[in-house]
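Please open the model in a viewer and keep the selection panel at hand. The stops below are meant to be visited in order.

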Amino acid sequence: MGAAMLSELATEIVVPVCAVIGIAFSLVQWVMVSRVKLTSERHASSANSSKNGYGDYLIEEEEGINDHSVVTKCADIQNAISEGATSFLFTEYQYVGIFMIAFAILIFLFLGSVEGFSTKSQPCTYDKEKMCKPALATAIFSTVSFLLGAITSVLSGFLGMKIATYANARTTLEARKGVGKAFIVAFRSGAVMGFLLAANGLLVLYIAINLFKLYYGDDWEGLFEAITGYGLGGSSMALFGRVGGGIYTKAADVGADLVGKVERNIPEDDPRNPAVIADNVGDNVGDIAGMGSDLFGSYAESSCAALVVASISSFGINHDFTGMLYPLLISSVGILVCLITTLFATDLFEIKVVKEIEPALKKQLIISTILMTVGIAIVTWIGVPSSFTIYNFGVQKVVKNWHAPNFVRLGKINLLLSFE
């Protein structure tokens, strides 16, 4: 069937390097956001500012409130929201940890009991003449991959919440200078969570595959069956973040409206109302931490499902490591494409007025789509043989390499159907 142009050694280098680049870039974005100090710098001359809409103010100060008072109030509100969100997540994660351990035990018991916790090798599905690892090994490694996915999901959500609560007051203060400054801070803070969850997920998955391979050896079918627990762990944690934070923020929102506006005649979203702070805490926990875990879960599920589909193809049988890691190569290219696209948003395009924000975001979508299409084409050309075989329930089907991008979509659909 031919071999891929990209060597196994090159694949071993490209995937982790791209993941590390994504993590490093997210940290750089975090540092750049931190340069916005919570200090009084309001009356800067627009003549001394080179770009990004200093003259288009989004927030005008109330009469009688000086610059120092506004900055101090922003810092106090940020600290209150950050402290509340951190306390909420730590409390939630204590209960999530109990669920994580209990569910991991259930996974081990259910998978291990399939063959009566047998430690004997069993015939492989794709070739009855070959012997694969026992069911007990699948149970153990699936449990480990579930825990890895759950921990990575929790970490992704927590880091996303931290950068959000870290950047909210800074975005507000930059909005007093102009829409361009506020847009850049908001975009960079969002990029921190996006790059961190994608790069962390890719790196942990890559490391897990290589560690599991030390035991499984030639049994790639069992290896990638065990690795599917990684996606399940990510999705399980996303459920708690989304639902828990959503219920909390809605309860706080209703309480703020009823008690603050109705009974005490406090304006809506007034920080003097404690329920307003609680409402913002819930927004950060549910909409940001929960979304971070949710995005990671979707990414991990689709990647693991595509790996399972590839394991029953000629890649898995012939031990074509580059072809097997084709889904991870796509993710690696995606990190580089997003890095370039982010630079277009923060350094190459200038936002001067509010009406330019929507076209700028649409440009990001168009640029990333074009670059990613080219990237997928290149990865498919050098990372996948011109033709290969898929074994579908004993039926062999020869497909071309340009069909390979459908693996990712097909794998995700199959995994979603199995959950249904």
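This is a predicted model: local features need pLDDT of at least 70, side-chain atom pairs count only at pLDDT 80 or more; totals for chains, interfaces and linings use all residues.

**Annotated segments.** Begin by selecting residues 13–33, 95–114, 134–161, 182–209, 324–345 and 365–384, which an unreviewed UniProt entry labels "transmembrane region". Within residues 13–33 the chain is 100% helix and 0% strand, with the end C-alpha atoms 30 Å apart. Residues 95–114 are 90% helix and 0% strand, and their end C-alpha atoms are separated by 29 Å.

**The cores.** Next, select Leu-205, Ile-209 and Phe-224, the residues with the most contacts inside the largest nonpolar core, which has 48 residues. At least two residues each come from α1 (8–34), α3 (135–175), α4 (179–216), α5 (220–226), α7, α9 (321–324), α10 and α11 (357–383). The greatest contribution to this core is that of α4, with 14 residues. Another core, of 18 residues, lies apart from it; Ala-85, Phe-88, Tyr-93 and Ile-277 are among its members. Then centre the view on Phe-224: beyond four places in sequence, this residue touches Ile-209, Leu-307, Val-308, Ser-311 and Met-324.

**Helices α7 and α10.** Display α7 (residues 274–311) together with α10 (residues 326–348); the two pack at an angle of about 145°, and their axes are 8 Å apart. On the α7 side, select Tyr-299, Ser-303, Ala-306 and Leu-307; on the α10 side, Pro-327, Leu-328 and Ser-331. Five residues of this contact are nonpolar, two are polar and none is charged.

**Lys-213.** Move to Lys-213, in helix α4. Which residues is Lys-213 in contact with, leaving aside neighbours within four places in sequence? They are Glu-8, Glu-12, Trp-220, Leu-223 and Phe-321. Of these, Leu-223 is 10 residues away in sequence, with a C-alpha to C-alpha distance of 6.7 Å.

**Aromatic pairs.** The structure holds 11 aromatic pairs. Select Phe-25 and Phe-195: the ring centres are 4.9 Å apart and the planes lie at 65°, so the pair is edge-to-face. Because Phe-25 belongs to helix α1 and Phe-195 to helix α4, the pair ties together parts that are 170 residues apart in sequence. Both Phe-25 and Phe-195 are buried.

For a tilted pair, select Phe-183 and Phe-187, at 5.6 Å centre to centre and 40° between the planes. Both lie in helix α4, four residues apart, about one turn of the helix. Phe-183 is buried, at 11% relative accessible area, whereas Phe-187 is partly exposed, at 21%.

Finish with Phe-141, Phe-212, Tyr-215 and Tyr-216, which ring pairs link into a cluster.

Note on methods: Residues are numbered from 1 along each chain as its sequence is written. Side-chain values use heavy atoms; hydrogens and water are left out. Axes are lines fitted to C-alpha atoms, for helices over the stretch in contact, and angles run from 0 to 180 degrees between N-to-C directions. Contact means heavy atoms within 4.5 Å. Ala, Val, Leu, Ile, Met, Phe, Trp, Tyr, Cys and Pro count as nonpolar, Asp, Glu, Lys and Arg as charged, and the others, Gly among them, as polar. A nonpolar core is a set of buried Ala, Val, Leu, Ile, Met, Phe, Trp, Tyr and Cys residues joined through side-chain atoms within 4.5 Å. Buried means under 20% relative accessible area, exposed over 50%, partly exposed in between (1.4 Å probe, protein chains only). UniProt positions are given in the numbering used here, feature names are shortened, and annotations may be inferred rather than shown by experiment. Rings of Phe, Tyr and Trp (its six-membered ring) pair if their centres lie within 6.5 Å; planes under 30 degrees apart count as stacked, over 60 as edge-to-face and the rest as tilted.
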